[in-house]
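Reader: I have a model open and a list of features to read. Walk me through them, please.

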Amino acid sequence: MSASVTPPTSPRATSAPEPPDGRSVLDPADVGRALTRIAHEILERTKGGDDLVLLGIPTRGVTIANRLAARIRAVEGLEVPVGSLDITMYRDDLRLRLPRALETTDVPGGVDHKLVVLVDDVLFTGRTVRAALDALSDLGRPRAVQLAVLVDRGHRELPIRADYVGKNLPTSRTQLVSVRLAEIDGSDAVVVGEAS
Amino acid sequence: MKRHLLSATDLDRESATLVLDTAEEMARLGERSIKKLPTLRGRTVVNLFYEDSTRTRTSFELAAKRLSADVINFSAKGSSVSKGESLKDTALTLEAMGADAVVCRHSGSGAPHRLAQWVKGSVVNAGDGTHEHPTQALLDAFTMRRRLGRIEGLRVTIVGDILHSRVARSNVLLLDILGAHPTVVAPPTLLPVGIEAWPTEVSYDIDAVLPKSDVVMMLRVQNERMTASYFPNVREYSRRYGLDARRVAALPDDAIVMHPGPMNRGVEIAAEVADSARSTIVEQVANGVSVRMAVLYLLLGGSEPAIGSPAAGSTEGERP
């Protein structure tokens, strides 16, 4: 753990605010290609996707999980259950900020004996994923848990790594990384900006 | 800033909706095999109950425990209160034990308000005399929203002992905040002075109001608070104001029947009505846990409360 208790920007906050003068590092075609590759990798690594469940971390993780499921369906004709896992109540910085509204937790078919792939937009400190692992263990006992992210921007504060990465993006800690998705933001992009 | 939930009016439309939305997610937890969240680990919630209550106390206790808070139940019977300790001294004792929240039920209207000026933690009013019971109003609103899909515009009829009912007052206030249209129905003797200042319609005739009701909420006749005769006898009350199958038939098709409990079957509500598919009485109990989890989370879960109001007449940080 780093010396500072609160990271300059929390991993979840990175995808919400708009960087003031951002530089686009992935365009819509790049995002599409990255997700297609991840979908293929998941199928490859899970040997056809038996017992697979994609669990997105709201908000954009769920959107990405849905897109991965659509690609897996297109490639393999396989219907993969997609769920949503809210980690708010498991965050380690709950007491440092105002209580926030909760997102949906909905796991169709449960996680017992399943191969769960957690899906998020940006991997940063790893604290979100730690919270997600705690949340997951309260839902049941998966056979295995893997992690897929669209962007890995480094600066881990916990021993966590992703199994599937769309793009490794070297950043400084103070930069803001924003993932935009058509379903939520109108168009796809990954934008890096300086904190104002 | 320290904040409390003492009255339904401590909430505005936005924060009340936040409570209901949060409760919706809390309700999903009840469907899981592990019904526990780590959110309030290390926080202490004191249930300070000066009046008998099974439903509300166990509901708050379960809500706090599901959020991993430590819960201390403190009832007037068998405590120093029966030895004559004052509310203030009890409050200071609890304070010294490090209570982060005090859930208070008291027969004296306004007792939780006084308490809020004495303790450092958040105070949740779990019913004070004939005054208010805000979490009951929240769970009723939550039940309506789950059953009927909305609250705004609903015509809600509250029938019975409005005079002694903290449930009625909190419901009328919260329903008004949420954009519903409450109507209270009671014999004139069971309406409080000043009812015309409440944001509600008033009627003496249940049969005229029922056909125009989306929700009918029956209240218990509170014999323990009655110091005079408010109606000739129970049979007459039941005939004039009780909800039986004939009256239910006058309701619109999708209208629901609510009761905060405990109910007197055969007095304000017929057994067949209480057990019918329109009745939400059992759901209300389950919803109570979800709503109280939401309230405790929003008051205690973060660095500062997200809902509620500061205590009137106390300045921040002031010591008793």
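Predicted model: local features only at pLDDT ≥ 70, side-chain atom pairs only at ≥ 80, totals over all residues.

Author: Start with one helix contact: B:Thr17, B:Val19, B:Leu20, B:Asp21, B:Ala23, B:Glu24 and B:Ala27 in H1(B) meet B:Leu138, B:Ala141, B:Phe142, B:Arg145 and B:Arg146 in H5(B). By class, that contact of H1(B) with H5(B) has 7 nonpolar, 1 polar and 4 charged residues.

Reader: At what angle do the axes of H1(B) and H5(B) cross?

Author: At roughly 70°, and the axes come within 10 Å. That makes H1(B) roughly perpendicular to H5(B). The crossing of H1(B) past H5(B) is right-handed.

Reader: H5(B) also touches H6(B). Which residues meet there?

Author: From H5(B), B:Pro134, B:Gln136, B:Ala137, B:Leu138, B:Asp140, B:Ala141 and B:Met144. From H6(B), B:Val167, B:Ser170, B:Asn171, B:Leu174 and B:Leu175. The classes here are 8 nonpolar, 3 polar and 1 charged.

Reader: And how do the axes of H5(B) and H6(B) cross?

Author: Helix H5 covers residues 134-148 of chain B, and helix H6 covers residues 166-177 of chain B. Their axes come within 8 Å and cross at roughly 55°. That makes H5(B) oblique to H6(B). This crossing, too, is right-handed.

Reader: Back to H1(B). How do its axis and that of H11(B) cross?

Author: H1 spans residues 13-29 of chain B and H11 spans residues 281-300 of chain B. The axes come within 7 Å and cross at roughly 120°. That makes H1(B) oblique to H11(B), since the roughly perpendicular range runs from 65 to 115 degrees. H1(B) passes H11(B) in a right-handed crossing.

Reader: Which residues make up the contact of H1(B) with H11(B)?

Author: On H1(B), they include B:Leu18, B:Val19, B:Thr22 and B:Met26. On H11(B), B:Ser290, B:Val291, B:Met293 and B:Tyr297 are among them. The contact divides into 12 nonpolar, 2 polar and no charged residues.

Reader: Now the two chains. How much area do chain B and chain A bury between them?

Author: About 1700 Å², with 56% of it on carbon and sulfur atoms. In chain B, B:Glu25, B:Arg32 and B:Tyr297 lose the most area to chain A, together 29% of what that side buries. Chain B puts 23 residues into the contact and chain A puts in 19 residues.

Reader: How many salt bridges are there between chain B and chain A?

Author: Side chains of opposite charge can pair when their charged atoms come close. Between chain B and chain A the count is 0. Over all chains, the structure holds 27 salt bridges.

Reader: Show me one. What does A:Asp185 pair with?

Author: A:Arg60, with the closest N and O atoms 2.7 Å apart. A:Asp185 lies in helix H4 and A:Arg60 in helix H2 of chain A, so the pair ties together parts that are 125 residues apart in sequence.

Reader: Last topic: the backbone. What should I look for?

Author: Most residues other than glycine have a negative phi, and most peptide bonds are trans. Check the exceptions. A cis peptide bond joins A:Pro58 and A:Thr59, with omega about 5°. A:Thr59 sits in the loop between strand S2 and H2 of chain A. The bond from B:Gly261 to B:Pro262 is also cis, with omega near -10°. B:Pro262 lies in the loop between strand S9 and helix H10 of chain B.

Reader: What is phi of A:His113?

Author: Near 65°, a positive value in a residue other than glycine. Look for A:His113 in the loop between strand S3 and strand S4 of chain A.

Technical notes. Residues numbered from 1 in each chain as written. Chains lettered and ligands numbered in written order. Heavy atoms only, no water. Axes fitted to C-alpha atoms, helices over the stretch in contact; angles between N-to-C directions. Helix = DSSP H or I, 4+ residues; strand = E, 2+ residues; numbered from the N terminus. Parallel < 35°, antiparallel > 145°, perpendicular 65-115°, else oblique. Left-handed = near helix turned anticlockwise from the far one by under 90°. Contact = heavy atoms within 4.5 Å. Nonpolar A, V, L, I, M, F, W, Y, C, P; charged D, E, K, R; others polar. Buried area = accessible area lost by both parts, 1.4 Å probe. Salt bridge = Lys/Arg side-chain N within 4 Å of Asp/Glu carboxyl O.
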